[in-house]
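Please look through the sequence and the structure shown here before reading on.

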Amino acid sequence: MQTKITIPNTDIEIYPLGLGTVNAGLAWDGKDADRIFDAFLDMGGSLIDTAHIYSDWVKPERARSERVIGEWLERSGKRNRIVLATKGGHPDMTVPNPDTHISRMKKADMEADLDSSLKQLCTDYIDIYFYHRDDESQPAAELIEVMEEFRWKGKIRYYGCSNWTTSRMKAADQYCTEKGYRGFAANQALLNLGYKYMNPLDDDTLVYADEEMQQYHRGHTENLLMPYMGVCSGFFHKYLGKGPDAVKDSPYYTDGNLKMAERVRALCDKYNATVSQVVLGFFGQQDFDCAPLYGPKNVEQIEEAMKAFEIPFEKEDYTDTV
């Protein structure tokens, strides 16, 4: 099994699993955070992903996830051991009625978010900085130039996009080629074992890594796919552990995913694996590199997730026969 991914034309090499930190400051903080981050590094991980918006929807603190990571970095001195990714430009979640359709991706918004992220994270630079959403009223060229300025100033090393369509990434690629820029190093979009059969999510600004996007990544290996929602919001865990009543309100509760759940059960038996390991094993069997982002609640969950990439799953295990 592949246990290292190198992003072409960069010096970034990572384990094929990123540590998602939306739970930082909520489910864990302080010494618990130290244990989680240290364990992840000790097990071979390096990519730590956050966002300036995490988790502003829980008042009163803002950017708490970045604060937790920054405090750990100050205590541990391990900045040179991690690949640090964060995101800016997300719509404001602190207003009374947040609306993800109200863009805040102007240059001033991005500068404010990035400078605040650097302060919260207690670092001088971000390894991969992402646009957290897209605003198609702004030309891709304009958005790229903002990132290039950040890179030129030394605030970021590489940049990426989150929730951009394939056509918008292609427009950015074309502009970067014309200007001689490297372009996007990573793309974050929704992909998981159950996405083909799920019902639409409430937030229609989230972008799925559909077949068109997957084909794009097959031909653009320099732009690494970093899928989010990789464990399907716990759908298969809850269904197999507690039964249908536990998941009836889930967008994954469809005939296709009920059949997929039986596949997951069979693979658990075949490999003596956990549900998490089977669901994450899906990513190691794609015909393009991808590094899913996984948000643990404790050290034990990290260890379980990391072992998913040591199990000899096969492509046929995940061949679509539903």
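In this predicted model, residues 24 or more positions apart account for 74% of the contacts in the protein chain that have a separation of 6 or more. The protein chain contains 10 helices and 10 strands.

**Overall shape and surface**

- A compact globule of 322 residues would have a radius of gyration near 20 Å, and the protein chain agrees with this because its own value is 19 Å.
- Taken along the principal axes, the C-alpha atoms of the protein chain fill a box of roughly 50 × 45 × 40 Å.
- The protein chain exposes about 14,000 Å², of which carbon and sulfur atoms supply 48%.
- There are 37 positive and 52 negative side chains in the protein chain, and the centres of these two sets lie 3 Å apart.

**The interior**

- Of the 322 residues in the protein chain, 55% count as buried.
- The largest nonpolar core has 85 residues, and those with the most contacts inside it are Phe37, Ile48 and Phe236.
- Helix H8 (residues 255-271) gives this core its largest share, seven residues.
- A second, separate core has 16 residues, including Ile7, Ile12, Ile128 and Ala186.
- If residues up to four places away in sequence are not counted, Phe37 touches Leu19, Thr21, Trp28, Ile48, Val68, Ile69 and Trp72.

**Ser65**

- Ser65 lies in helix H2, which covers residues 64-76.
- Ser65 has a relative accessible area of 0%, and therefore counts as buried, since the cut-off is under 20%.
- Leaving aside neighbours within four places in sequence, Ser65 is in contact with Thr21, Ala24, Thr50, Tyr54 and Ser55.

Note on methods. Residues are numbered from 1 along each chain as its sequence is written. This is a predicted model: local features need pLDDT of at least 70, side-chain atom pairs count only at pLDDT 80 or more; totals for chains, interfaces and linings use all residues. Side-chain values use heavy atoms; hydrogens and water are left out. Helices (H or I, at least four residues) and strands (E, at least two) are DSSP runs, numbered from the N terminus. Buried means under 20% relative accessible area, exposed over 50%, partly exposed in between (1.4 Å probe, protein chains only). Contact means heavy atoms within 4.5 Å. A nonpolar core is a set of buried Ala, Val, Leu, Ile, Met, Phe, Trp, Tyr and Cys residues joined through side-chain atoms within 4.5 Å. The radius of gyration is taken over C-alpha atoms; the globule rule is 2.2 Å times the number of residues to the power 0.38. Accessible areas come from the Shrake-Rupley method with a 1.4 Å probe; for residues, only the protein chains shown count as cover. Lys and Arg count as positive and Asp and Glu as negative; His and the chain ends are not counted. The place of a charge is taken as NZ of Lys, CZ of Arg, CG of Asp or CD of Glu.
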